[in-house]
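Subject: Structure handover

Hello,

Below is the structure I said I would pass on. My notes on it follow.

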Amino acid sequence: MKYFDAHSHYTDRKFSRDRHELFVEMQRDGVEYVVDCFGAKEMNFGLSLARKYPFYYMCINDFAHYGKDYDKKGFDIGASEVLINQLVDESVEKLKKLCRENKKIVAYGECYIDFRRKDKTPAEIEKESFWFSKDLEVARRVGLPPVIHSGNADQESFDIIRKTDMPDYGGGKGMMHCYLGPPKMALDYVDMGYLVSVTGLVTHRSERGRNLVEVVKKLPLSHMLIETDCPYLTPEPFRGKRNDSGLLRLTVEAIAEIKGVYEEEVAEATNANARGLYRV
Ligand SMILES: [Zn+2]
């Protein structure tokens, strides 16, 4: 079986001791591609990994970091339209140049909106929603599919995404990374042309895990991706330990059982979907 890990974080320090050995081993175990996700700080390191390892592709983020920096300084969005447009333009130009020089950059993200912290004020929620919409704009203008992180913001992110005129890149418009929303909404995303990504949480006997099982029951294989989000979200029975793409097989096993199909079908479909979306 050949697996495509649609989302990982191999620039993470948790891999510094044995990254090379792990990459060799996981490829031997059938991991055909990974799309690794990192921001401006890890850019040089990520680019060097992409040069060294043919199976390693990249999802990069730049603009969200500007947004967060400005937020910290009490940045007034309403009064700063000119500056914001300038930031977006600069970011788009910089990323376009990077993409011309590095053909293995295949996605933009994580486009981030997260309301898991319960004490966010309405003003903070509005700001974060605003930067999320700007992030989607950057993805669209650079010509990359967005990888969307939505944490406890199901309806907010859905409304913003629905309003965004994202092109279909051939294999879809973008990826709902680590999807944890309602099963019905996953199908709405499918109707809108997005792919929905399933993590190792599908093996967990938790509330989130049980919800994800319901998502998997409904979600057609034609619009499903699989990801580790490693080093996080380790599937059972290794929960609590470091995750890596070699453990994707456990997520595939769980999906196959839930849907009553062969593991090969799950691996093949999700591999083909990821290659289509990322144009790999
Ligand atoms: Zn992630």
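Helices (H or I, at least four residues) and strands (E, at least two) are DSSP runs here, numbered from the N terminus. The model is a predicted one: local features need pLDDT of at least 70, side-chain atom pairs count only at pLDDT 80 or more, and totals for chains, interfaces and linings use all residues. Residue numbers start from 1 along each chain as its sequence is written.

Overall picture

The protein chain has 10 helices and eight strands. Its radius of gyration is 18 Å, close to the 19 Å of the globule rule for 280 residues, so the chain is as compact as a globular protein of that length. The radius is taken over C-alpha atoms, and the globule rule is 2.2 Å times the number of residues to the power 0.38. Along the principal axes, the C-alpha atoms fill a box of roughly 55 × 40 × 35 Å.

Of the 280 residues, 41% are buried. A residue is called buried if 20 or more other C-beta atoms lie within 10 Å of its own, exposed if 12 or fewer, and partly exposed in between, with C-beta atoms placed from the backbone. Among contacts in the chain with a separation of 6 or more, 73% are between residues 24 or more positions apart. Two residues are in contact if their C-beta atoms, placed from the backbone, lie within 7 Å.

Helix packing

Axes are lines fitted to C-alpha atoms, for helices over the stretch in contact, and angles run from 0 to 180 degrees between N-to-C directions. Angles under 35 degrees count as roughly parallel, over 145 as roughly antiparallel, 65 to 115 as roughly perpendicular and the rest as oblique. A crossing is right-handed if the near helix is turned clockwise from the far one by less than a right angle, and left-handed if anticlockwise. For residue classes, Ala, Val, Leu, Ile, Met, Phe, Trp, Tyr, Cys and Pro count as nonpolar, Asp, Glu, Lys and Arg as charged, and the others, Gly among them, as polar.

The axes of α4 (residues 81-101) and α5 (residues 122-142) come within 9 Å and cross at roughly 40°. That angle makes α4 oblique to α5. The α4 helix passes α5 in a right-handed crossing. On the α4 side the contact involves V88, S91, V92, L95, K96 and C99, which meet K134, E137, V138, R141 and V142 of α5. By class, this contact of α4 with α5 has six nonpolar, one polar and four charged residues.

For α7 (residues 183-192) and α8 (residues 207-218), the axes come within 8 Å and cross at roughly 40°. The two helices α7 and α8 are therefore oblique to each other, and their crossing is right-handed. P183, A186 and L187 of α7 make the contact with E214, V215 and K218 of α8. Four of the residues in this contact of α7 with α8 are nonpolar, none polar and two charged.

Helix α8 also packs on α9, at an angle of about 65° and with the axes 9 Å apart. The crossing of α8 and α9 is right-handed. Here V213, V216 and K217 of α8 contact I255, I258 and K259 of α9. The residues of the α8 and α9 contact divide into four nonpolar, no polar and two charged.

P182 counts as partly exposed because it has 16 C-beta neighbours inside 10 Å. From P182 to P122 is 60 residues in sequence and 23 Å in space, C-alpha to C-alpha.

Backbone exceptions

Most residues other than glycine have a negative phi, and most peptide bonds are trans. Which residues does a cis peptide bond with omega of about 5° join? They are G109 and E110, and E110 lies in strand β4 (residues 105-114). The peptide bond from C230 to P231 is also cis, with omega near 15°. P231 is in the loop between β8 (224-226) and α9 (248-259).

That loop between β8 and α9 also holds D229. D229 is not a glycine, yet has a positive phi of about 55°. With 22 other C-beta atoms within 10 Å, D229 is buried. R279, in the segment after α10 (263-278), has a positive phi near 55° and is likewise a residue other than glycine. R279 is partly exposed, with 14 other C-beta atoms within 10 Å.

Regards
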